[in-house]
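Let's take a walk through this model together, starting with the ligand and its surroundings and then moving on to a sheet.

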Amino acid sequence: MILTDLEFVKQMEGWGASFLPGRMLSEYTSLGVGGPADMIVIRRVEALEPVVAGLRERGIEWGLLGGGTNVLPVEEAHGKVYLRLATGAASVAFDGIEARINTAAELGRSVMECAMKNLGGMEGLVGVPGTVGGALRMNAGAYGTEIGPLVRSVKVFHAAAGKIEEMVAEPGRFRYRKSSFAPDDILLEVRLQLQERPFREILDHVKSLNERRRKSQPLKEKSAGCIFKNPPGLSTGKMIDELGMKGTRVGGAVISERHANFIVNRFEATATDIFRLMDEIRERVLKGYGVTLEEEVIVWKN
Ligand code: EPU
């Protein structure tokens, strides 16, 4: 436990935040790996400013945990506190063809809520696991849709300044699996511009994409989606596959037979098993193709 100031912990409750000491990150990540860390659940947005200021005063580093679907935390105890947002209803508010969504909302559910209002344009994202906030950070994308181009504005808590700002979309903010928010920006709410489309049509599109995904990705196993990015013009999955690496195992971690850019936690893997398997992939792809792979998952070190 790195947060030991019980007076601060008590104050937090009053602001609308709860302290959860020594939680196993493996319970909060889709890969099912990661060691112990202290957590603070933010129940009211107003709690963010005093909590972050209090942590800063005490010299305690913090990170933000969303849906945990694209992170790979190390096995050792983490020397920082992870904040989690639980700031109100995960429902969507509508204004014409615009949707205002709380970043703590689940992405897939939000896509369907929009669909029920006959608003489409984000169907490709329906099978991407995680929160809307995580999707924005990573500029999540699938099947030709990325979330970035749909964004009109994002309400952000700038931790360094302790202020909330509505940031209007600007060119270059979102790139392939990347956004230009500051590391300590906490995204709170997004305004997306969608397209009017009949629910039935959206649903048919979603169904066909889900079918494609089921066939090509190991959806029933624990994973963090694609583990490496695709280098420009290349497919990492295809390269790993062509190297005959599907099924390669290190400890409890296995390269999926269904999609070679997915590492699955099949036999109670540790984060260390996954790191070793990633190193092996990196080496083989470099040797075989002369290509240096870049991680797509976010590695949480100490
Ligand atoms: N392929 C193989 N073997 C494999 C996997 C793929 O030969 O084991 C081939 C496929 O046959 C296809 C090509 O590689 O010809 C591309 O494969 P796929 O359509 O599955 O797409 P991808 O480039 O591997 C990307 C995203 C996925 C996203 C899909 C669908 C990245 C790193 N990956 O995968 O995103 O779901 O397109 O749009 O950009 C993620 O970001 O975590 C993720 C899973």
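For sorting residues by class, Ala, Val, Leu, Ile, Met, Phe, Trp, Tyr, Cys and Pro count as nonpolar, Asp, Glu, Lys and Arg as charged, and the others, Gly among them, as polar. On that basis, the shell around the ligand holds seven nonpolar, six polar and six charged residues. Keep in mind that this is a predicted model, where local features need pLDDT of at least 70 and side-chain atom pairs count only at pLDDT 80 or more, while totals for chains, interfaces and linings use all residues. Residues are numbered from 1 along each chain as its sequence is written, and side-chain values use heavy atoms, with hydrogens and water left out.

Who sits around the ligand? There are 19 residues, each with a heavy atom within 4 Å of it; Tyr143, Tyr176, Cys226, Asn230 and Asp241 are the closest. Helix H6 (residues 236-242) gives the most to this shell, with three residues; helices (H or I, at least four residues) and strands (E, at least two) are DSSP runs, numbered from the N terminus.

Five strands form an open sheet in the order S6-S7-S15-S11-S12, with antiparallel pairing; two strands pair if DSSP finds at least two bridges between them. Strands S6 (92-95) and S12 (163-168) stand at the edges with a single partner strand each, so one side of each has no neighbour in the sheet. Further in, five bridges join S7 (residues 98-102) to S15 (residues 185-193), and Glu98 has Gln193 of S15 as its bridge partner.
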